[in-house]
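Here are my notes on the metal site and the ligand beside your copy of the model. Have a look at the structure first, then read on.

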Amino acid sequence: MKLSVKQGDLFRSASEAAVVALFEDEEILQGAAAGVDRESGGLLGEVLNRGDFSGQVNQTSLIYPRRPCPLKRVIAVGLGKRSEITPERIRGAFARAARQIRSLNAGEISASLDFGNLALSPEVLTEAVVEGVRLGLYRFESFKTGKRDPGREIASLSIVEADAASLRRIRAAMKTSKVITDSVCLARDLVSMPANEMTPRDLANEARKSARGTKLRCRVVGPAAMRKLGMKALLAVAAGSAEPPRFIILEYRGGEKGGPVIVFVGKGLTFDSGGISLKPAEKMERMKDDMAGGAAVIAALRAAARLFLPVNLVGLVPAAENLPGGKAYRPGDIVRSLSGQTIEIVTTDAEGRLILADALTYAGRFKPAAIIDLATLTGACVVALGDHVIGMLGNDDGLKRQLREAGDLSGERVWELPLWEEYDELIRGEAADLKNSGGRAGGAITAAAFLSQFTGGYPWVHLDIAGPAWLAKEKSYIPKGASGVGVRLLLQFIRSRCAQGKGD
Ligand code: BES
Ligand code: MN
Ligand code: ZN
């Protein structure tokens, strides 16, 4: 999709479909809507007067203006109450409008950021509109050879802006937003790919590919080197599969030499059958998404490098497939992790924390100022919080606050669960130092308590994305299926840190 900025008025700019965003119950049309109403012979006002459209959140109305109006179609979309406006509402409204436009087979969208008097900057508005449109229109169709879902792909999105001073800022924000939304779509593609086409080796190749043409450096560790290093927890999980594991290391040095390093760790389980502790058949197919954390880390690093963010970043993705097999690890086994701590296997289905344990230990090599891990770690987190929010646990209040703020700005919100020392008891081992499951009660918390044993005392936050990583039903600007969650959260976290001068 081509993104462009044009100087002028929305109502004068020829387009197959113009989006006009309106607030709830406002009698007098403001901003770009006023001009469109005038040029369309009062059609917008008419729709409002008849009561067909009141501007409620995500309500839409389609209008066909008569010539000589250069707009072939106008889609009015509701933003709700003006006093309650957020970037998230704008993302959702533009996603709704864009999908409706696609269903009409119109190939281009134009929009204005002039919603009347608003306290949001042109940058925030531009990013919200571009994210809404591009993320809302995402489809995964790589494997459809026959009839595709209806609706021609939308070829272009133009923002029409009258104010010359804002043009440059909007253009720059569009570029940024293009990089970010590209990365979210990359993460969604990686997660949507079936496990037979996205093995640990494939994921490593994708990481290598994502580094191309950027300042990212990608290294990939295979099983022989893992053995030498002592990553036996990662090796144990991979043992039941004929697909060899990979440990992916991405490095981006955009900050000061010798400056602080932030490490992102992403769970890269390309398929989680549960192993010998086999999962029930129902919904098992979803478990191809168990590398969503890894995908988010790869995609976020790619975007950071393409945006030249002034920060030093490392991305670590332990990648493996969890299958039962003749060489599989078993319940009762004791494995020695890279940290030296021994772990008793209670269930082979609690595999994520094992591969993360070795990756978190490895993260210590970088003496990180912060470690953030993302993982589709527990069904318990889905039970506790549903799919609207990321579960957050960690050992550093400042880091948690920064993530909470980044969550509110990006719309990828986090909700904290307690990580009190009382929970440590539940993961203490009988014959070994630790056991890999604390049972059903407090499952999301005991999983994090387990991870905390491998963080080496560095500031650390764990994000359990098991809920929002995969949607059974589309919502707002996230189509059904892989959401790409975490990419925008991590990028917002880094950008805010850079803006506060802590990033280099
Ligand atoms: N990948 C799953 C967690 C998961 C479950 C993500 C459902 C998304 C939806 C993880 O490896 C797992 O199996 N966790 C177990 C842990 C338990 C055995 C201690 C779980 O949550 O049931
Ligand atoms: Mn599992
Ligand atoms: Zn898993």
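**Notes on the metal site**

1. Along the chain, the donors of the manganese ion (ligand 2) are spaced D-x76-D-x1-E. Donors here are N, O and S atoms within 2.8 Å of the metal (3.2 Å for Na, K and Ca), and with water not among the atoms, sites may look incomplete.

2. Housekeeping: this is a predicted model, where local features need pLDDT of at least 70 and side-chain atom pairs pLDDT 80 or more, while totals for chains, interfaces and linings use all residues. Residues are numbered from 1 along each chain as its sequence is written, chains are lettered from A and ligands numbered from 1 in the order written, and side-chain values use heavy atoms, leaving out hydrogens and water.

3. Which protein atoms hold the manganese ion (ligand 2)? They are Asp272 (OD), Asp349 (O), Asp349 (OD) and Glu351 (OE), at 2.1 to 2.2 Å. Aspartate 272 also coordinates the zinc ion (ligand 3), which is 3.2 Å from the manganese ion (ligand 2).

4. Glutamate 351 is buried at 1% relative accessible area, whereas aspartate 349 is partly exposed at 24%. (Buried is under 20%, exposed over 50%, partly exposed in between, with a 1.4 Å probe and protein chains only.)

5. Now ligand 1: one of its oxygen atoms is 2.9 Å from a side-chain N or O atom of aspartate 272, and an oxygen atom of ligand 1 is 2.8 Å from one of glutamate 351. On the nitrogen side, a polar side-chain atom of aspartate 290 is 2.9 Å from a nitrogen atom of ligand 1.

Notes: A polar contact is a pair of N or O atoms within 3.5 Å; within protein, one must be able to donate a hydrogen and the other to accept it, and residues adjacent in sequence count only if both atoms are side-chain atoms.
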